[in-house]
Amino acid sequence: MPETTPPSPRPLLLQGNEAMVEGALYAGCRFFAGYPITPATEISEVMSLKLPALGGTFIQMEDEIASLGAIIGASLAGVKSMTATSGPGFSLMQENLGFAVMAEVPCVVVNVMRAGPSTGLPTHVSQGDVQQARWGTHGDHPIIALSVSTTWECFALTVKAFNLSETYRTPVIILSDEVVAHTREKIVLPRPGELQVLERPRPGAPPEWFIPYEDTPRGVPPLPAFGEGYRYHVTGLVHDVRGFPTERPDEIAPLLNRLFRKISQHFHDIQMVEEYLTDDAELLVIAYGSVARSARRAVADARAQGLKAGLLKLITLWPFPRRLVEPHLGRVRAVLVPELNRGQMSREVKRVNQGMTKVETLNRIDGKLITPGEILARLQALSGK
Amino acid sequence: MADVTKLIHKYLRHEKKFPHVWCPGCGNGIVLGALIRAIDRTGFSKDDIVLVSGIGCSGRMSVYVDFNTLHTTHGRALTFATGVKLANPRLQVIVVMGDGDATAIGGNHFIHAARRNLNLTAVIINNSTYGMTGGQYSPTTPYGARSATSMYGNVEHAFSIAELAVTAGAAWVGRGAVYHATLLDQLMEAAILKRGFAVVEVISHCHTLYGRKNLLGGAAEMMRAQKEAAVRVEKAATMTPEELASKFTIGILADRDLPIYTQEYRKIREAARTALAGED
Ligand SMILES: Cc1ncc(C[n+]2csc(CCOP(=O)(O)OP(=O)(O)O)c2C)c(N)n1
Ligand code: SF4
């Protein structure tokens, strides 16, 4: 195709799922493996249309275990890779997710949450997988999980998820939900170069000197692609700096501690929240995903009624952005955490709160979104008006 | 050093991974030798080979060899290999699995990989048991055999891995045994050179666990039994089912030219480019 000047950006009307594909392609994703599941299927479908035209590869695997295995393999061969699923498929992915953590393979895993457990309510919204994203794979491990609440975020945070994944050599989970995935909103896609796109660290040393899992000041060892002459070993076993299995305590602890440290050392880059009218807020709503949309509206309505309400929207769910939440807890009269589960994130807020303020919950698990009215009513009750 | 030993050493990693985990006399070492000799004959550079393995005694093979090596999760080696190959079709991807790895937990991936026909080589070391976990029964443990979880005799019936691969659509299927070292070398080489999904089932022995439980003797006795039970595919064609009852065939079971996934996918890329060219 001849090179043409890019057309001036015109607004598009995209679903969250479609915007995620655009974000992934913008970030340089060129490999996608998936297995159909509501409400994530559109991501696979649009990927299957667009990736091949860009010289990339889409493949529909035999299940979600295979999908994650394939994207790990593709990433090791040097290609930015992604998969997308919903609860049942996310459950199947857990073992290979741990592999990607242990072997430090960049990849992005989207979970468009629907109500569970089990097959649950395939077409209804939920936020029931928040703790699964944190602890679903076995063993003590760090993880990064981002939450999206708008079509724009489906685009921009997918780009960010790839950046984090590549920069820190870790799987990054994006938690979307049925409402965000299927809501159509106006979006102007940024031109190439407008958003930052980052690449994985590459070895500077020649193969003879290369030590694949050596610690670095950033805690992230460089990652050459298979076939580039480095011939290193990748394994899910605990390994030494050369990548070979070890059972020596003096090699085990440094590896596992480094996996945590490479994340904790970069909290400032990884942890993100969005504040709305929080400066003088006395009543703070802490919300994420589709519920944050209702919460924003409820906060605006509360303000109109003279209540000093504010919204702290969590974008990074894991590692829990304690640093960004704590200062608010010391200031406000009460916190309300509405969510579509029985309190998976509010328990995190309470853990951090340590009695600083009152933390209340608002939970729905019936497949319906929490409405602005429900949140407003609770804010009114909390204010005593 | 004898020339063959020198050759093997050229492909082994010498820093820190030896001694290996395998029992003395295990067939895994013979398979590794055959694989290395075959790779050497094909002339591929070490940098171009990706050796992917599953989990099990057999799965430990990847750590010892000086290629790009990927030791995956139990049963899933072919899925990782699929990603590697699709992302960089220039790489020669060889996958080593155990019988439990490939046909129990990984059975689904195995048949779909065969059906898909990527240009991959799959080596399955069939020792009729789960070696690494202590000799439990696997999908290839014979009916009636004793294992750590079938001490009263196995009531399940075994898969024939090579025949399964033929039926699932693999482009090339061969079966050898560790006793027949020369044939094994040839099969490995042919499988690597084959354009398409090529499967080598290697009949091996786990004398420490399976052999002991079934009073089959040591490694030497079990290899002798392979010699007695093996029948060349060509000869088997002239024998009756009764004559073949306690035998297994060795040789090439299937060799067909089928469209290769990555070539087919190139057409998809063209179609997508044409279809999307009108849009911006
Ligand atoms: C998901 C999972 N389940 C079980 C295991 C335990 N496990 C390790 S190796 C193995 C069986 C290996 O048998 P086989 O594939 O025949 O290989 P061999 O050890 O005989 O070479 C099992 C069950 C595991 N590692 N992962
Ligand atoms: S347990 Fe069996 S399969 Fe494993 S190394 Fe020993 S002999 Fe080989």
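In this predicted model, A:Gln354 sits in the loop that runs between helix 13 (346-353) and strand 16 (358-363) of chain A, where helices (H or I, at least four residues) and strands (E, at least two) are DSSP runs numbered from the N terminus. Although A:Gln354 is not a glycine, its phi is positive, at about 50°. Local features need pLDDT of at least 70 and side-chain atom pairs count only at pLDDT 80 or more, whereas totals for chains, interfaces and linings use all residues. Residues are numbered from 1 along each chain as its sequence is written, while chains are lettered from A and ligands numbered from 1 in the order in which they are written.

**Positive phi outside glycine**

- A:Gln354 counts as exposed because it has 9 C-beta neighbours inside 10 Å; a residue is exposed if 12 or fewer other C-beta atoms, placed from the backbone, lie within 10 Å of its own, buried if there are 20 or more, and partly exposed in between.
- In chain B, Asn117 is a residue other than glycine with a positive phi, near 60°, and B:Asn117 is found in the loop between helix 6 (107-116) and strand 4 (120-126) of that chain.
- B:Asn117 counts as buried, because 22 C-beta neighbours lie inside 10 Å.

**Cis peptide bonds**

- A:Gly116 and A:Pro117 are joined by a cis peptide bond with omega of about 0°, and A:Pro117 has its place in the loop between strand 5 (107-115) and strand 6 (121-125) of chain A.
- A cis peptide bond also joins A:Trp318 to A:Pro319, with omega of about -5°, and A:Pro319 lies in the loop between strand 14 (316-318) and helix 12 (322-329) of chain A.

**Contact between chains A and B**

- In chain A, 40 residues are in contact with 40 residues of chain B, contact being defined as C-beta atoms, placed from the backbone, that lie within 7 Å.
- The elements giving two or more residues to the side of chain A that touches chain B include strand 2 (31-34), strand 3 (57-60), helix 5 (94-103) and strand 10 (233-235), but it is helix 3 of chain A that gives the most, with nine residues.
- By class, this side of chain A has 24 nonpolar, eleven polar and five charged residues, where Ala, Val, Leu, Ile, Met, Phe, Trp, Tyr, Cys and Pro count as nonpolar, Asp, Glu, Lys and Arg as charged, and the others, Gly among them, as polar.

**Strand pairing across the chains**

- Strand 10 of chain A pairs in the parallel sense with strand 2 (residues 68-71) of chain B over three bridges, pairing being assigned if DSSP finds at least two bridges between two strands.
- A:Val234 has B:Leu70, in strand 2 of chain B, as its bridge partner.

Note on methods:
Two residues are in contact if their C-beta atoms, placed from the backbone, lie within 7 Å.
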